[in-house]
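Hi,

Here is the structure I said I would pass along. Have a look at it first, and my notes on what turned up follow below.

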Amino acid sequence: MPKSYPETLVLTRRVLAGLIALNVLVGLFIFALLIATIVAADPVMNALGLKGAISYMGIRAVMVMGILGVLITHVVLTGLRAIVETVKHGTPFVAENAARLQTMGWAVLGLEAVHIAIVLIANAISSQQLPINVKLELSLTRLLVVLLLFVLAGVFEQGSRMREDLEGTV
Amino acid sequence: MSINVKLDDMLHSRRMTLTDLSEEIGLTLANLSILKTGKARAIRFSTLEAICAALDCQPGDLLEFNPAQRGETDINELEKPV
């Protein structure tokens, strides 16, 4: 029988659903923009006010990185949603959640890599007409999140073993 | 599993059904079934005490150790580390 389902989790589910949808929309938008810069490069760049000011390949590279970021974010958000579902069903300590948390840990690390790549590309395509100088900052908070996810994966693995043990106890 | 639970025999000699026992000691029929069919991995002393009180017997009347069955693993135990 499912245990009580805290209100914070109800809220979390709703927020997650919204974030997942928003992320997909952002991804589709960047993808559409990317296609536009390929099939109609000059008009699009003109509209963005970037015609002649900056490397088209550079902009496209940033967009590709953006899409990659969206995909990775999707993995993290859907993983978290799946974990919240198991809490709703009263069985959070399962091996699948340990695997999900580990995947999420690597995903957030990947997100950090994407962030670094975007900064490097942006600084590389900086031109006189459009100077870009973004500082490369390693976020301690994001790295802490990565560590937290890996630690939780270990905790959930232990928890799943303990639950299995308990299930056979009368 | 080399520990056998002789719940059937005890219930029979006390003229009780599994349902009767379940109602008497407050353990679910599902859990008692797990115990009866040898699927249990562990039993709490509190459960053992309740069963012995209800059936007026000793733990030894309920549990039997069969060394010949040692090493026979339940399929569920195969992936579990010791």
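Predicted model: local features only at pLDDT ≥ 70, side-chain atom pairs only at ≥ 80, totals over all residues.

I began with the cysteines, and the disulfide count over all chains comes to 0. Cys52(B) is in no disulfide, and its nearest cysteine sulfur belongs to Cys57(B), 4.3 Å away.

Next, salt bridges. The count over all chains is 6, and I'll go through some of them.

Within chain A, Arg161(A) pairs with Glu157(A), with 3.4 Å between the closest N and O atoms. Both belong to helix 5 (residues 140-167) of chain A and lie 4 residues apart, so about one helical turn separates them. Arg161(A) is partly exposed at 36% relative accessibility, and Glu157(A) is partly exposed at 41%.

Within chain B, the side chains of Lys36(B) and Asp8(B) meet in a salt bridge, 3.3 Å from N to O. This pair links distant parts of the chain, 28 residues apart: Lys36(B) is in helix 3, while Asp8(B) is in helix 1 (residues 7-13). Lys36(B) comes out partly exposed at 31% relative accessibility, as does Asp8(B) at 44%.

Then there is a pair that joins the two chains. Arg41(B) forms a salt bridge with Asp165(A), at 3.8 Å between the closest N and O atoms. Arg41(B) comes from the loop between helix 3 and helix 4 (45-55) of chain B, and Asp165(A) from helix 5 of chain A. Arg41(B) is partly exposed at 22% relative accessibility, and Asp165(A) is partly exposed at 37%.

That brings me to the interface. Chain B puts 11 residues into the contact and chain A puts in 7. About 800 Å² is buried between the chains, with carbon and sulfur atoms giving 56% of that area. The rule finds 1 salt bridge across the interface, plus 6 residue pairs in polar contact. On the chain B side, helix 3 (residues 29-36) gives the most, with 3 residues. By class, that side has 6 nonpolar, 2 polar and 3 charged residues.

Cheers

Terms used: Residues numbered from 1 in each chain as written. Chains lettered and ligands numbered in written order. Heavy atoms only, no water. Contact = heavy atoms within 4.5 Å. Buried area = accessible area lost by both parts, 1.4 Å probe. Salt bridge = Lys/Arg side-chain N within 4 Å of Asp/Glu carboxyl O. Polar contact = N/O pair within 3.5 Å; in protein donor to acceptor, adjacent residues only side chain to side chain. Helix = DSSP H or I, 4+ residues; strand = E, 2+ residues; numbered from the N terminus. Nonpolar A, V, L, I, M, F, W, Y, C, P; charged D, E, K, R; others polar. Disulfide = S-S within 2.5 Å. Buried < 20%, exposed > 50% of the residue type's maximum accessible area, 1.4 Å probe, protein only.
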